[in-house]
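This briefing goes through one structure by topic, from its overall make-up to single residues. Please read it alongside the sequence and the model shown here.

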Amino acid sequence: MTDVQSSHSLKTRNSWKTVRSLLRRIRSNPIKHQRRSSQVIEGVGKGSISTSEGSVALSVAEFPVPQVQKALVVARKGEYEIRHDFPIPTVGDDEVMIRSHYVGLNPIDWKSVDFNFCLPEFPWVTGREMSGVVAQVGKNVSGYREGERVWTSTYYKDVRAGCFQEFVVVPSHTVLPIPSTVSFEAASCLGVAALTAGMSLWKWLGVPLPSATTDTSEEQWLLIWGGSTVTGQFATQFAVHSGLKVITVNSSETKALSEALGASHVVVRDGKSNEALVEEIRTITSGRITRAIDLVGTKTAALALDAVSTDAPVAFAPLAMMSGSQVVPENVTVHTVEMKQFVLDKSNVCYTEELGKLLGSGKVVLPELHLIEGGLEVVQDGLDMLKKGNMKGKKLVVRM
Ligand SMILES: NC(=O)c1ccc[n+]([C@@H]2O[C@H](COP(=O)([O-])OP(=O)(O)OC[C@H]3O[C@@H](n4cnc5c(N)ncnc54)[C@H](OP(=O)(O)O)[C@@H]3O)[C@@H](O)[C@H]2O)c1
């Protein structure tokens, strides 16, 4: 990664530094702002956490929007650069500008750069989810105050919405308040994993909304291959709140995690053949799984198809891809989960409303966070950690 810095941007940066140091002095509590490489926030799962920053109310007057900003851009195929003079995105009439405080990292962030997809042109800004404060609102936008803490989930096609920049502009219906039960940093991981879990179940797999669930007498099974993935953790809980029985596939190290989140059975995959895994799932559920999500890849998507009911109608969402040559049994409907629909179709706010209710009730256990300090400069390191795939259920979040 290179660091491209003009003299103009240095001035801007220095004035930002002044604003930041002033703000630090205004804060009465002793925030530790020195750069630590990373920190695991324990106990997030018990509801909310509060950090020192979490208790400071920021006002926009303290953070005037500058002329240019810092951004981590994909400058060309497979190459990142830090730019200090990246343009501040303009705000349309129905849009909101958010000053980023935390960004959540996701597998799609490194996959799209490594395999060169979802990058309409260069330079481009990636990053799909964040939490921050409202910095500006368009003239048609009501219901948001400047300085309010919010989270969002973005669509890659708009460079202004890429989260790896200081100021992000998104349509107003995609800007959500942070429930009091959710910390500022944890709110940055709602935009991809939590929203995908909710919309996959409620919109695509036909699972009733928890708030509309009345009759749970009929036993209905959901299979989640990859129960410890951050998306799987949310999906497990949401399904349980809708009265479903959940069976997950995990490593032995994350078995207890999925059990604690409400899974009725966790199949430990260590040392077992694919046939043994499928057999165990079919035995436990008596072959009656009617909904399934795969969160691992094409091979496990195929195994999931082997594990579901062979006669009842089955809804399946292969969230981590399915091979184009995969043979799908006649009783199975494969659903392509398109999270862009959240941005493109305003009617999907019903799912964020449901998510808000569930989170606000304090009944959702949030993933344990692995927080990395250091802003945009450390995003690439975080993505490298994610690529290794051994997060064991923890969510990587970068403090901006
Ligand atoms: N279509 C969409 O819009 C969408 C949205 C969200 C996510 N996704 C995709 O869904 C996948 C999961 O994303 P995420 O961010 O939730 O993942 P994540 O949290 O990064 O998942 C990491 C976990 O996967 C588990 N895992 C690895 N190999 C496994 C296997 N063979 N069987 C079962 N579990 C395994 C590991 O835990 P163990 O120790 O338990 O093995 C690891 O801790 C990614 O491929 C992502 O691109 C798609």
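Which residues does Ser112 touch, not counting residues up to four places away in sequence? Ser112 touches Phe117, Cys118, Leu119 and Thr126, where two residues are in contact if their C-beta atoms, placed from the backbone, lie within 7 Å. This is a predicted model, in which local features need pLDDT of at least 70, side-chain atom pairs count only at pLDDT 80 or more, and totals for chains, interfaces and linings use all residues. Residues are numbered from 1 along each chain as its sequence is written.

**Overall make-up**

- The protein chain contains 10 helices and 17 strands; helices (H or I, at least four residues) and strands (E, at least two) are DSSP runs, numbered from the N terminus.
- Of the 400 residues in the protein chain, 43% are buried; a residue is buried if 20 or more other C-beta atoms lie within 10 Å of its own, exposed if 12 or fewer, and partly exposed in between, with C-beta atoms placed from the backbone.

**Shell around the ligand**

- The ligand is surrounded by 30 residues, of which Ser228, Thr229, Thr231, Ser251 and Ala320 are the closest; a residue is near a molecule if its C-beta atom, placed from the backbone, lies within 6 Å of it.
- Two or more residues of this shell come from each of α2 (107–114), α3 (190–204), α4 (230–241) and β11 (245–250), and α3 gives the largest share, three residues.
- Sorted by class, the shell holds 15 nonpolar, 12 polar and three charged residues; here Ala, Val, Leu, Ile, Met, Phe, Trp, Tyr, Cys and Pro count as nonpolar, Asp, Glu, Lys and Arg as charged, and the others, Gly among them, as polar.
- Domain 1 (2–193 + 341–399) and domain 2 (206–334) each provide at least three residues of the shell, the domain bounds being taken from an automatic or database domain assignment.

**Helix α4**

- The 12 residues of α4 should span 16 Å at 1.5 Å a residue, and its end C-alpha atoms are 17 Å apart, which agrees; the expected span of a helix is 1.5 Å times one less than its number of residues.
- Helix α4 is mostly covered, with 11 of its 12 residues buried, including Thr231, Gln233, Phe234, Phe238 and His241.
- Gly243, which follows α4, has a positive phi near 85°.

**Helix α9**

- Helix α9 (residues 349–360) has 12 residues and reaches 16 Å from its first C-alpha to its last, close to the 16 Å expected at 1.5 Å a residue.
- In α9 the buried residues are Thr352, Leu355, Leu358 and Leu359. They lie on the same side of α9, because they cover an arc of only 120° around the axis, where the arc is that of the directions from the helix axis to the C-beta atoms.
- The cover over the buried residues of α9 includes β9 (175–177), α3 and α4.
- Just after α9, Gly362 adopts a positive phi of about 75°.

- Ser112 lies in helix α2 and counts as partly exposed, with 18 C-beta neighbours inside 10 Å.
- Although Ser112 and Gly78 are 34 residues apart along the chain, their C-alpha atoms are separated by 8.9 Å.
- The loop between α2 and β6 (129–137) holds Pro123, and the peptide bond from Phe122 to Pro123 is cis, with omega near -5°.
- Asn116 is found in the loop between α2 and β6 and has a positive phi of about 55° although it is not a glycine. Asn116 is exposed, with 12 other C-beta atoms within 10 Å.

**Two lysines**

- Lys392, in the loop between α10 (379–388) and β17 (395–399), has a phi near 50°, a positive value in a residue other than glycine. Lys392 counts as partly exposed, with 13 C-beta neighbours inside 10 Å.
- Lys299 belongs to helix α7 (residues 298–307) and counts as exposed, with 12 C-beta neighbours inside 10 Å.
- The C-alpha atoms of Lys299 and Met322 are separated by 7.9 Å, while the two residues are 23 residues apart along the chain.
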